[in-house]
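Please read this briefing alongside the sequence and the model. The points below are grouped by topic.

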Amino acid sequence: KVTFEASVKAGKPDDKTEKESKIHSAEEKEKLINNLKKYGGWNLKACDMYWKFDKDVVLAAVSNHGMTLEHVASSLKANKEVVLAALKADPKAFEHASDTLKEDPDVLKAYNGGNVNTKMFESEGNSSMTNKKDGSGENTAFIEEEEKIEDI
């Protein structure tokens, strides 16, 4: 029986021949993907960096736990498919997407579609909500007007 810890420690097998490495890597990859699905995508943060560059492994992890996007390779934080999968699992993962993708209409739609608080305020007419960038470059929702409170 392979434990999650054993599959997590599987990195790029440098001491194998190229052919053995590919076979070993494919087997370990399959086990790792299954374990990430079974035990939680957040476990990717404990994996060797080798796996954080693997799109299939990362997709399995972020689809299960969106905030795992924080721990993946920068190149995959800029991959639209990976970011959309992370946002579907958890809209808060938006903060870990690449700056370029934070401007992408599909990514913004996925992010804003998951922001229940913004929708709640907009639909109730309590305030005017907009998304703007604060000094740190992060998108933040803020209230432009005071909430309108009806007298009881």
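Predicted model: local features only at pLDDT ≥ 70, side-chain atom pairs only at ≥ 80, totals over all residues.

Does F94 count as buried or exposed, judged by its relative accessibility? F94 counts as buried, at 3% relative accessibility, and the cut-off behind that label is a relative accessible area under 20%.

**Overall architecture**
- The chain contains 8 helices and 2 strands, and along the sequence these elements follow the pattern α-α-α-α-α-α-α-α-β-β.
- The chain has 152 residues, of which 38% count as buried, while its accessible surface comes to about 9500 Å², with 49% of that area belonging to carbon and sulfur atoms.
- When contacts between residues at least 6 apart in sequence are considered, 39% of them join residues at least 24 apart.

**The largest nonpolar core**
- The largest nonpolar core has 26 residues, and within it L44, V62 and L69 touch the most other members.
- At least two residues of this core come from each of helix 2 (18–39), helix 4, helix 6 (80–89) and helix 7 (105–113), and helix 4 gives the most, with 6 residues.
- Setting aside residues up to four places away in sequence, L69 touches V62, K77, V82, V83, A86, A93, H96 and A97.

**Aromatic pairs**
- The structure holds 2 aromatic pairs, and Y50 and W51 form one that is edge-to-face, with 4.8 Å centre to centre and 80° between the planes.
- F94 and Y111 form an aromatic pair that is stacked, with 4.0 Å centre to centre and 15° between the planes.
- Because F94 lies in the loop between helix 6 and helix 7 while Y111 lies in helix 7, the pair ties together parts that are 17 residues apart in sequence.
- Y111 counts as buried at 13% relative accessibility, and F94 likewise counts as buried, at 3%.

**A buried aspartate in a loop**
- D54 lies in the loop between helix 3 (49–52) and helix 4 (55–64), and D54 is buried, with a relative accessible area of 15%.
- Leaving aside neighbours within four places in sequence, D54 is in contact with K29 and L76.

Definitions and conventions
Residues numbered from 1 in each chain as written. Heavy atoms only, no water. Helix = DSSP H or I, 4+ residues; strand = E, 2+ residues; numbered from the N terminus. Buried < 20%, exposed > 50% of the residue type's maximum accessible area, 1.4 Å probe, protein only. Contact = heavy atoms within 4.5 Å. Areas by Shrake-Rupley, 256 points an atom, 1.4 Å probe, with all protein chains shown as cover. Core = buried A, V, L, I, M, F, W, Y, C linked by side-chain atoms within 4.5 Å. Phe/Tyr/Trp six-rings, centres within 6.5 Å; stacked < 30°, edge-to-face > 60°.
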